[in-house]
Each structure stands twice: as structure tokens, then as C-alpha cells.
Amino acid sequence: MPPAHPSGRVDRWVWAVRLAKTRADAAQACRGGHVRVNDRPAKPATTVREGDEVQVRLHGITRVVDVTRVIDKRVGAQVARRCYEDRSPEPAPQPRGAVLRRDKGA
């Protein structure tokens, strides 16, 4: 387990705990208003501490997590999972219906 820090940048933390694939994606999500810390819009340099609530919306999926450990280096998935507590809402069920088909060339 990497050493914990008292605080860190939200873009680095989101990337380190694998909520975003790249740090650039995490920073872009912050700049686009898709990351909130304690219900406030977060810029990439916003400070995150243990006990903070972080909401991240990437690729149409909203994740709500509580920070339990602040890290700034990317770690394995099992270690990253111990750095937050996931409180994300259950995704809405997709209605299953008949698949509409069309004639070729129509």
C-alpha cells in the first residue's frame, strides 16, 4: 500500500484510484464540470481529503464515492478499491423490448 497523504489534487486522486483511465481524462472531466467534491464543482487542483465525497460522471456513468485514503500514484485495482467507499446509485434498468428491424436499403 502506498503512503497516504493528508490531502491531494482531485484529478490525481480520481486517476490513482482508477475512476478515470488517464490523468488527462480526470482533469478534462474536472474542467468540464463532471467532478464535484462535497457537492461543489471541482477544478483539477481542488484539494481532496479523507472523508470527502467525490462525484464523478464519465462516459454516462455517475460514481459517488467517499474518500478513505488519499494517494497520488496509480496502484493496482485491489489496492485502489481500499482508498474509497463506493456509494454509487444503482443504474436504471434498461427496458427489454423487441428489436426493431428495417429492410436493407430502407
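First, the ground rules. This is a predicted model, where local features need pLDDT of at least 70, side-chain atom pairs count only at pLDDT 80 or more, and totals for chains, interfaces and linings use all residues. Residues are numbered from 1 along each chain as its sequence is written, and side-chain values use heavy atoms, with hydrogens and water left out.

Let me start with the record. UniProt, in an unreviewed entry, places the feature "domain: RNA-binding S4" at residues 8–75. UniProt positions are in the numbering used here, feature names are shortened, and annotations may be inferred rather than shown by experiment. In the model, that span is 24% helix and 34% strand. Its end C-alpha atoms lie 15 Å apart.

Two strands pair if DSSP finds at least two bridges between them.

Look at β5 and β6. β5 covers residues 53–58 and β6 covers 61–67. They pair in the antiparallel sense over six bridges. Take two of the partners. Gln-55 is bridged to Val-64 in β6. Arg-57 is bridged to Thr-62, also in β6. The two strands form a hairpin, with two residues between them. In that turn, His-59 has a positive phi of about 55°.

On to β7, residues 84–86, which runs antiparallel to β6 and is joined to it by three bridges. Here Val-67 stands opposite Tyr-84.

For aromatic pairs, I take rings of Phe, Tyr and Trp (its six-membered ring) with centres within 6.5 Å; planes under 30 degrees apart count as stacked, over 60 as edge-to-face, and the rest as tilted. How many pairs does this rule give? One. The rings of Trp-13 and Tyr-84 have centres 6.4 Å apart and planes at 80°, so the pair is edge-to-face. The pair links distant parts of the chain. Trp-13 sits in helix α1, residues 10–16, and Tyr-84 in β7, 71 residues apart. Both are buried. Buried means under 20% relative accessible area, exposed over 50%, and partly exposed in between, with a 1.4 Å probe and protein chains only.

What else does Trp-13 touch? Contact means heavy atoms within 4.5 Å. Leaving aside neighbours within four places in sequence, its contacts include Leu-19, Val-48, Val-54, Val-65, Val-67 and Cys-83.

That brings us to the core. A nonpolar core is a set of buried Ala, Val, Leu, Ile, Met, Phe, Trp, Tyr and Cys residues joined through side-chain atoms within 4.5 Å. The largest one has 26 residues. Among those with the most contacts inside it are Val-10, Trp-13, Val-14 and Val-17. α1, α2 (23–31), β2 (35–37), β5, β6 and α3 (77–81) each supply at least two residues. α1 gives the most, with four.

Next, a charged residue. Asp-66 is in β6. Is Asp-66 buried or exposed? At 19% relative accessibility, it counts as buried. Its side chain makes a polar contact with the side chain of Arg-87, at 2.8 Å. A polar contact is a pair of N or O atoms within 3.5 Å; within protein, one must be able to donate a hydrogen and the other to accept it, and residues adjacent in sequence count only if both atoms are side-chain atoms.

Contrast Lys-21, in the loop between α1 and α2. At 70% relative accessibility, Lys-21 counts as exposed. Leaving aside neighbours within four places in sequence, Lys-21 is in contact with Trp-15 and Arg-74.

Neither is a glycine, yet phi is positive: near 50° for Asn-38 and about 65° for Asp-39. Asn-38 is partly exposed at 39% relative accessibility. Asp-39 is partly exposed at 48%.
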